[in-house]
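Colleague: I'd like to go through the labels on this one and hear what backs each of them up. Can we take them one at a time?

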Amino acid sequence: MSDLTDSELETQGVFAIEAALENETEAVVSVRGERRYAVMDMTRYTHLRECELAVALAESRADLDAGRFVRESVDDHLQRISEAE
């Protein structure tokens with residue numbers, strides 16, 4: 001994974017990001033020596049978001065299969081979540 005500094009971004013802008021991603025899928029941006037941000041191209045970002053959604057769907061299906069759900073009216077649901085607060 002490539003590393004970018006805040007100074008490089010300040011002086012080179014998006015060109016620094018493009019250069020960092022030329023041979024890597026992700027790059028880390030360091031601010032005052034501390035690794036703070038990750039950047040990637042939109043293709044990679046979209047892929048990761050799709051993976052997150054697939055995991056969420058699998059977890060939801062597992063909950064349904066295991067009976068971990070509640071059937072209730074909207075009013076009952078609102079009452080239940082307000083009591084949990």
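Predicted model: local features only at pLDDT ≥ 70, side-chain atom pairs only at ≥ 80, totals over all residues.

Colleague: What makes up the secondary structure of the protein, and how do the elements run from the N terminus on?

Modeller: There are four helices and three strands, in the order β-α-α-β-β-α-α. These are DSSP runs: helices are H or I with at least four residues, strands are E with at least two, numbered from the N terminus.

Colleague: How does the radius of gyration of the protein compare with that of a compact globule of 85 residues?

Modeller: The protein has 21 Å, whereas such a globule would be near 12 Å. The radius is taken over C-alpha atoms, and the globule rule is 2.2 Å times the number of residues to the power 0.38. The C-alpha box, taken along the principal axes, is roughly 55 × 25 × 20 Å.

Colleague: Why is Glu 26 called buried?

Modeller: Buried means under 20% relative accessible area, exposed over 50%, and partly exposed in between (1.4 Å probe, protein chains only). Glu 26 has 18%, so it counts as buried. Buried residues make up 13% of the 85 in the protein.

Colleague: What makes the pairing of Glu 26 and Arg 44 a salt bridge?

Modeller: The rule asks for a side-chain nitrogen of Lys or Arg within 4 Å of a carboxyl oxygen of Asp or Glu. Here the N to O distance is 3.1 Å, so the pair meets that rule. The bridge links distant parts of the chain, with Glu 26 in strand β2 and Arg 44 in helix α3 (residues 42–66), 18 residues apart. Arg 44, at 28% relative accessibility, is partly exposed.

Colleague: How many salt bridges does the rule give?

Modeller: The count comes to five. One of them joins Arg 35 and Asp 3 at 3.2 Å, N to O. That pair is 32 residues apart, with Arg 35 in strand β3 (residues 34–40) and Asp 3 in strand β1 (residues 2–5). Asp 3 has a relative accessible area of 44%, so it is partly exposed.

Colleague: Why are Glu 52 and Arg 49 said to be separated by about one helical turn?

Modeller: Because they sit three residues apart in helix α3. Glu 52 is partly exposed at 46%, and so is Arg 49 at 39%.

Colleague: Which residues form the largest nonpolar core?

Modeller: Six of them: Leu 4, Ala 16, Ala 20, Leu 21, Ala 27 and Val 29. Both α2 (14–20) and β2 (26–31) supply at least two residues of this core. A nonpolar core is a set of buried Ala, Val, Leu, Ile, Met, Phe, Trp, Tyr and Cys residues joined through side-chain atoms within 4.5 Å.

Colleague: Why is Val 74 called exposed?

Modeller: Its relative accessible area is 61%, so Val 74 is on the exposed side of the cut-off. Val 74 lies in helix α4 (residues 74–84).

Key. Residues numbered from 1 in each chain as written. Heavy atoms only, no water.
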